[in-house]
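Colleague: Could you take me through one part of this model in detail? I would like to hear about a helix and its packing partners, and then about the annotated positions.

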Amino acid sequence: MIKLLKFYQDRGIKIVRGEGQYVWDERNNKYLDLHAGHGVAFLGHGNKIVIDYLKKQMEEISTLSLAFDTPIREEMIKELDELKPENLDNLFLLNSGSEAVELALKIARKITKRRKVVAFKNSFHGRSMGALSVTWNKKYREPFEPLVGPVEFLEYNNIDSLRSITEDTAAVIVEPVQGEGGVIPAKKEFMKNLREVTEKVNAILIMDEVQTGFGRTGKIWAHQHFDIKPDIVTAGKAIGGGFPVSAVFLPDWIGEKIEEGDHGSTYGGNPLAAAAVTAACKVAKSEKIAEQAQKKGELFMRILKEKLEDYKIVREIRGLGLMIGIDLKVNPSMAIKILQDEKVLSLKAGLTTIRFLPPYLIAQSDMEWASDAARKGISETESKRVAS
Ligand SMILES: Cc1ncc(COP(=O)(O)O)c(C=O)c1O
């Protein structure tokens with residue numbers, strides 16, 4: 001029988017359906033989903049508006065090249081207008097975060113005619129060759145070298161390190177909160193300096209908001225926390241309400257220099273993706289998802305700190321909005337397994353962090369449930385460590 005390659009460690013459960021912030025396995029066990037398909041299901045599973053839009057679009061027309069106009073793309077543009085990053089009035093749609101990063105890097109080369117890209121230690125930008133080149137983890141990168149270069153990795157949140165950004169730098173790519181790297185929020189002063197330096201040397205500042213974007217951190221775009229305006233924003237995950245779609249936002253001064261043939265994609269901007277983004281925008285506005293993420297994130301963090309901070313193996317509980325990490329002094333895998341046994345799904349970030357990426361629908365009772373499960377996982381990990 002043919003085997004489905006996963007590239008991920010098997011979690012040992014079969015999930016058969018999802019609704020809101022919950023999923024169910026084949027034995028009808030209910031789980032709180034703080035994994036959310038790597039953060040995609042920020043609007044919850046099975047959002048009614050997203051489903052209705054997709055069903056209707058499926059019946060009308062589901063595939064159509066960008067060479068032809070169609071009403072759903074016009075509706076999407078109108079809906080996105082209020083939510084798009086400030087001054088970034090040009091949009092190209094793709095299918096995954098990596099593809100969005102890939103296009104951003106291509107554009108930076110074309111616009112600046114330079115090659116060097118600066119990224120940061122602990123960064124994650126995807127697994128295609130270009131996106132992988134600016135991803136920090138050697139385990140992901142080394143088997144595939146030589147990748148696209150030159151790339152220089154600087155210390156994240158270290159203003160002094162920004163001196164390496166010079167006139168030969170085409171672009172700097174940065175996450176406003178490093179996700180895969182360990183849920184590490186950027187410091188405001190660092191981001192402000194980064195914007196200043198890139199402007200000074202005319203390097204393109206690419207803000208990779210694939211994981212942070214569309215409300216998760218308490219603002220529609222996480223870079224809004226830092227009062228800066230990037231040149232390019234990449235988005236993905238949450239923007240399609242569960243449908244696979246990603247986006248690259250650009251200002252006019254870059255958009256004007258892009259020519260026919262510079263890029264393209266069979267599925268990019270297909271009518272189903274446009275329907276999903278339209279619906280997701282409607283939900284984002286009517287539900288004020290960013291405000292909810294802000295308030296709920298603060299509450300969740302408070303509950304987690306109350307219940308977990310006294311454990312010796314807890315190094316730090318940190319995050320922004322509903323992007324939360326519990327950093328341990330040890331490998332978090334056992335705690336993540338115990339969380340799952342307590343019916344709470346979470347993910348690992350970096351080498352030592354338990355990551356929670358909840359849907360905005362998470363309730364206080366869910367936060368208590370997750371915190372109690374985390375306490376069990378952490379206390380058992382701690383006692384095992386003492387015993388060994
Ligand atoms: C910040 C960031 N950029 C890019 C990606 C790659 O996205 P995808 O897996 O959709 O290609 C991810 C995925 O986790 C991400 O977190």
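Modeller: Helix H3 passes helix H9 in a left-handed crossing, a term used when the near helix is turned anticlockwise from the far one by less than a right angle, with right-handed meaning clockwise. This is a predicted model, in which local features need pLDDT of at least 70, side-chain atom pairs count only at pLDDT 80 or more, and totals for chains, interfaces and linings use all residues. Residues are numbered from 1 along each chain as its sequence is written. Helices here are DSSP runs of H or I with at least four residues, strands are E runs of at least two, and both are numbered from the N terminus.

H3 covers residues 71-81 and H9 residues 271-286; their axes come within 9 Å and cross at roughly 30°. The axes are lines fitted to C-alpha atoms over the stretch in contact, and angles run from 0 to 180 degrees between N-to-C directions. H3 is therefore roughly parallel to H9, since angles under 35 degrees count as roughly parallel, over 145 as roughly antiparallel, 65 to 115 as roughly perpendicular and the rest as oblique. On the H3 side the contact includes Ile72, Met76 and Leu80, and on the H9 side Ala274, Val277 and Cys281 are among the residues involved; contact means C-beta atoms, placed from the backbone, within 7 Å. By class, this contact has eight nonpolar, one polar and four charged residues. Nonpolar covers Ala, Val, Leu, Ile, Met, Phe, Trp, Tyr, Cys and Pro, charged covers Asp, Glu, Lys and Arg, and the others, Gly among them, are polar.

H9 also packs with helix H2 (residues 48-60), at an angle of about 155° with the axes 8 Å apart. That makes H2 roughly antiparallel to H9, and their crossing is right-handed. From H2, Ile49, Tyr53 and Leu54 are among the residues that meet H9, whose own contributors include Leu272, Ala276 and Val283. The H2 contact divides into twelve nonpolar, two polar and one charged.

Now for the annotation: an unreviewed UniProt entry places "binding site" at Arg127 and Ser265, in the numbering used here and with feature names shortened, though annotations may be inferred rather than shown by experiment. Ser265 lies in the loop between helix H8 (252-255) and H9. Beyond four places in sequence, Ser265 touches Leu94 and Asn95. Ser265 counts as partly exposed because 15 C-beta neighbours lie inside 10 Å; 20 or more would be buried and 12 or fewer exposed, with C-beta atoms placed from the backbone. Arg127 sits in the loop between strand S5 (116-120) and helix H5 (129-133).

Terms used: Contact = placed C-beta atoms within 7 Å.
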